[in-house]
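Please keep the model in view while reading.

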Amino acid sequence: MAELMLTEEDLVQKHKKERKELQAQIQNLKKSICKGDKKKKKEVTEEVSHLEDVLEKKHEEELARWQVAQLNINNTEDENIENNSNIETDDKQNEQPMHRISKAQKRRDKKANAERERNQRIVEQEALNVFGKRNVELQTIKKILQERDLMIYEIPSDGHCLYNAITHQLKVVEKAPLSFNELRSKTATYLREHMNEFLPFISNPDSDDLLSPEQYEKYCNDVADTSVWGGAIELQVLSHVLKCPIEVIQASGTPYIVGNDYSKGKKMILTYHRHMYELGAHYNSVTKYVQEEES
């Protein structure tokens, strides 16, 4: 909890120093990889990813706790003013004979302390929700969309998010409707028919080697028949299959368009979220902006 005693600038500098130290550690890990040792390379890559995730989460929690502490300081000052106003009354009461605290009173005090601790944890969690990467990313995307008179149309996180987002956009741009299963099937068929075009860009996640023709066929089968997540390759294929451009809006960086060759067609728009779910990235669709009703 030492970070609570720091100023905001001190905390920022502390985080910069820790990130710099981590980068030095990562460089040492990478230097330990012998040329051609794929097993070691995989182990180091996983270790680097783990170290980066741990540090990033630590910094998020420290920042949230610091922000909560600033709110609590103000509340404490108000309580101190109120307590000081009652000093004389308390002194008079203290002059009276001290009575032994009953077991019932101890239980009540213990329950009250537990409740205060619970409330503090709730405040800290709410701060993480507000200042965490997920909410910051979400609010940034919402702001970008609102400037274009758009809003997020939420898609379930079930592995089919890319295809379901496209299914919704087909309705928006008034093209022939297709289910996510139909889109998966068409995507797999296109990948099979253009293997030479896409094979150089798909690698085995376990070894970083390019896929063999047999592995590529399994990749296509998974696209067609499972809930495997769709990414950049599938997005590019869908633009060809549907013969329309697809714009992807994200919190960082400028929006990008896949399928510029079909610029004459109606453009579909998706949002890409890196931090919406712990399982990984996620695609949502968009719809025309509607003012939220105040409750």
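Is Glu 174 buried or exposed? The model is a predicted one, and in it Glu 174 has a relative accessible area of 64%. Glu 174 is exposed because this value is over the 50% cut-off.

The side chain of Glu 174 forms a salt bridge with that of Lys 266. Glu 174 sits in the loop between helix 6 and helix 7, while Lys 266 is in the loop between strand 3 and strand 4, 92 residues apart. Lys 266 is partly exposed, at 48% relative accessibility.

Eight salt bridges are found in the whole structure. Three of them are listed here.

| Salt bridge | Distance, N to O |
|---|---|
| Arg 148 and Glu 247 | 2.9 Å |
| Glu 174 and Lys 266 | 3.4 Å |
| Glu 247 and Lys 267 | 2.9 Å |

Glu 247 is buried, at 6% relative accessibility. Its partner Arg 148 is partly exposed at 34%. Arg 148 lies in the loop between helix 5 and strand 1 and Glu 247 in strand 2, 99 residues apart. Glu 247 also pairs with Lys 267. Lys 267 is in the loop between strand 3 and strand 4, so this pair ties together parts 20 residues apart in sequence. Lys 267 is partly exposed, with a relative accessible area of 34%. Elsewhere, salt bridges with shared partners join Lys 14, Glu 18 and Lys 58 into one network.

The second largest pocket has a volume of about 350 Å³. Its lining consists of 18 residues, and those nearest the centre are Ile 202, Ser 203, Pro 205, Leu 211 and Tyr 219. Helix 9 gives the largest share of this lining, five residues. By class, the lining holds 10 nonpolar, four polar and four charged residues.

Technical notes: Residues are numbered from 1 along each chain as its sequence is written. This is a predicted model: local features need pLDDT of at least 70, side-chain atom pairs count only at pLDDT 80 or more; totals for chains, interfaces and linings use all residues. Side-chain values use heavy atoms; hydrogens and water are left out. On a 1 Å grid over the protein atoms alone, a cavity is a set of points where a 1.4 Å probe fits but cannot get out, and a pocket is an open set with protein on both sides within 12 Å along at least five of seven lines; lining residues have an atom within 4 Å of a point. Grid points are joined across faces, edges and corners, and a volume is the space filled by probe spheres set on the points. Helices (H or I, at least four residues) and strands (E, at least two) are DSSP runs, numbered from the N terminus. Ala, Val, Leu, Ile, Met, Phe, Trp, Tyr, Cys and Pro count as nonpolar, Asp, Glu, Lys and Arg as charged, and the others, Gly among them, as polar. A salt bridge is a side-chain nitrogen of Lys or Arg within 4 Å of a carboxyl oxygen of Asp or Glu. Buried means under 20% relative accessible area, exposed over 50%, partly exposed in between (1.4 Å probe, protein chains only).
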